[in-house]
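Colleague: I have a chain to go through and would like to ask about it piece by piece. Please show it first.

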Amino acid sequence: MLNIALFGPPGAGKGTQSEFLINKYNLFYISTGDLLRKEIADKSKLGLEAQSIIASGGLVSDEIIVQIIEKTITENPDSNGFLFDGFPRTYIQAYILEGLMIKLNTALNCLISLEVDEEVSVSRLLNRGKTSGRADDNEVVIRNRLKEYNDKTLPVLQFYKDKGVYFGLKGDQSIEEVNLSIQKIIKDELSKSLFNLVLFGYPGSGRGSQGIALAKKYDLEYLATGQMLDQEIQKGSEIGKRIIDLYENGELVPDEIVVQLIEKKIANSNGVNGFIFKGFPRTLVQSYILDGLLKKHGSAISQIIEIEVPTLELISRLDKRSKTDRCMPYDNNTSKIVKRLQEHEIKTVPVIEKYNQLHGVLKIDGLGEFNEVFDRICEKIKNSI
């Protein structure tokens with residue numbers, strides 16, 4: 001996810017650059033003023049509350065603003081990210097946005113500030129006033145607006161300078177030159193980001209084969225927990241011996257072992273564009289583990305996909321697989337197949353529901369030939385990649 005805050009004094013050209021960013025990177029535009037007006041027009045609970053405050057001459061609180069922003073983000077899971085215009089306006093709001101980004105398991109990639117001398121801003125806005133008909137495009141009001149911007153914004157800019165995500169650009173260049181400068185900043189920022197895909201689906205949905213093909217196509221590291229456990233057994237490692245003991249006693253491999261293997265794999269994977277997670281997380285606890293693990297490595301989940309296949313088709317596929325050398329331990333009779341499907345329903349579906357609320361889960365039709373399903377997935381993730 002690409003999240004950008006665009007700053008600049010009145011007359012810096014934010015409107016033009018915002019339009020460019022939204023179209024170029026498929027970002028959802030977040031302007032607190034626009035969002036407030038929409039909530040009020042929709043007569044939502046938050047909108048009515050804000051309307052009451054405005055009617056009494058008060059300022060809408062940060063508490064209401066952040067709820068509206070969070071609602072907007074969670075309701076637009078198909079966006080590649082968000083462009084913040086007019087937020088954060090204050091040092092306190094900068095902290096609020098940080099907390100919101102952490103809650104949503106994402107982060108602000110960069111703050112881009114279009115820097116323009118005061119006289120340039122005044123000149124541009126006075127010229128605009130000749131055709132705009134706006135009453136506030138006069139010199140007294142313009143200079144007051146610029147003073148207010150500088151007084152409130154400088155602490156916010158310092159906040160992001162301290163974080164190392166502040167980028168200042170000369171806003172008095174041509175539109176095309178500013179475009180190119182912004183694209184370079186974003187390209188550099190995206191090159192630092194890993195693309196982490198979590199692949200869900202019932203046993204028999206084709207997650208494994210699709211995951212391996214996606215990893216090859218996009219130069220991603222494929223992380224399948226079952227495969228990693230088997231590799232430890234084959235190597236005869238100490239962890240592998242512990243896994244064998246657990247299997248022989250009919251016990252499940254604890255998260256402690258699985259997480260060690262995932263972390264080791266991430267640490268030793270150099271030069272990859274990201275990771276595909278198959279078979280993890282299976283439970284709500286594991287979903288929190290994965291979020292924390294990626295955060296530790298300065299990363300986060302980029303996209304979540306669920307491959308959907310009807311139950312009868314799943315049973316048919318697993319039954320056919322039981323007669324091949326790809327047979328899994330739970331494939332060898334119908335009762336085991338049904339039990340495994342039920343286990344997924346009980347343990348893993350709640351994980352998918354959690355992620356759907358936080359990030360949005362892309363649903364992919366898993367029926368058809370392998371290449372048909374593969375093309376559907378690629379079509380969904382190509383923009384994010």
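Modeller: Axes here are lines fitted to C-alpha atoms, for helices over the stretch in contact, and angles run from 0 to 180 degrees between N-to-C directions. Keep in mind that this is a predicted model.

Colleague: At what angle do α2 and α3 pack, and are they roughly parallel or roughly perpendicular?

Modeller: The axes of α2 and α3 lie 7 Å apart, and the angle between them is about 105 degrees. Angles of 65 to 115 degrees count as roughly perpendicular. Therefore α2 is, relative to α3, roughly perpendicular.

Colleague: Which residues of α2 and α3 make the contact, and how many are nonpolar, polar and charged?

Modeller: From α2 come Leu-36, Glu-39 and Ile-40. From α3 come Leu-46, Gly-47, Ala-50, Gln-51 and Ile-54. Sorted by type, the residues of this contact are five nonpolar, two polar and one charged.

Colleague: Which residues of α2 are buried, and which are exposed on the other side?

Modeller: Helix α2 covers residues 32-42, and its buried residues are Thr-32, Leu-35, Leu-36 and Glu-39. These cover an arc of only 100 degrees around the axis, so they sit on the same side of α2. Exposed on the other side of α2 are Arg-37 and Ala-41.

Colleague: What covers the buried residues of α2?

Modeller: Part of the cover comes from strands, including β2 (27-31) and β3 (81-85). Helices take part as well, among them α3 (45-55) and α4 (62-74).

Colleague: Which residue follows α2, and what is its phi?

Modeller: The residue to look at after the end of α2 is Lys-43. The phi of Lys-43 is positive, near 55 degrees.

Colleague: What span is expected for α16, and how far does the helix reach?

Modeller: Helix α16, residues 370-381, has twelve residues.

Colleague: Which residues of α16 are buried, and what covers them?

Modeller: Val-373, Phe-374, Ile-377, Cys-378 and Ile-381 are the buried residues of α16. Their arc around the axis is only 135 degrees, which means that they are on the same side of α16. Their cover includes β6 (195-201), α9 (207-218), β9 (303-308) and β10 (362-365).

Colleague: Does Ser-113 count as buried or exposed, and which residues is Ser-113 in contact with?

Modeller: Ser-113 belongs to strand β4, residues 110-115. Buried means under 20% relative accessible area, and Ser-113 counts as buried because its relative accessibility is 2%. Leaving aside neighbours within four places in sequence, its contacts are Phe-7, Tyr-149, Leu-157, Tyr-166, Phe-167, Gly-168 and Leu-169.

Colleague: Where is Pro-77 found, and how far is Pro-77 from Gln-357 in space?

Modeller: Pro-77 is in the loop between α4 and β3. Its relative accessibility is 33%, so Pro-77 counts as partly exposed. Beyond its neighbours within four places in sequence, Pro-77 is in contact with His-359 and Gly-360. Pro-77 and Gln-357 are 280 residues apart in sequence, while in space their C-alpha atoms are apart by 9.1 Å.

Colleague: For the chain, what share of contacts joins residues at least 24 apart?

Modeller: The chain has 16 helices and ten strands, and 44% of its 385 residues count as buried. The count takes contacts between residues at least 6 apart in sequence. Of these, the share joining residues at least 24 apart is 73%.

Terms used:
Residues numbered from 1 in each chain as written. Predicted model: local features only at pLDDT ≥ 70, side-chain atom pairs only at ≥ 80, totals over all residues. Heavy atoms only, no water. Buried < 20%, exposed > 50% of the residue type's maximum accessible area, 1.4 Å probe, protein only. Helix = DSSP H or I, 4+ residues; strand = E, 2+ residues; numbered from the N terminus. Arc of directions from axis to C-beta. Contact = heavy atoms within 4.5 Å. Parallel < 35°, antiparallel > 145°, perpendicular 65-115°, else oblique. Nonpolar A, V, L, I, M, F, W, Y, C, P; charged D, E, K, R; others polar. Expected span 1.5 Å × (residues − 1).
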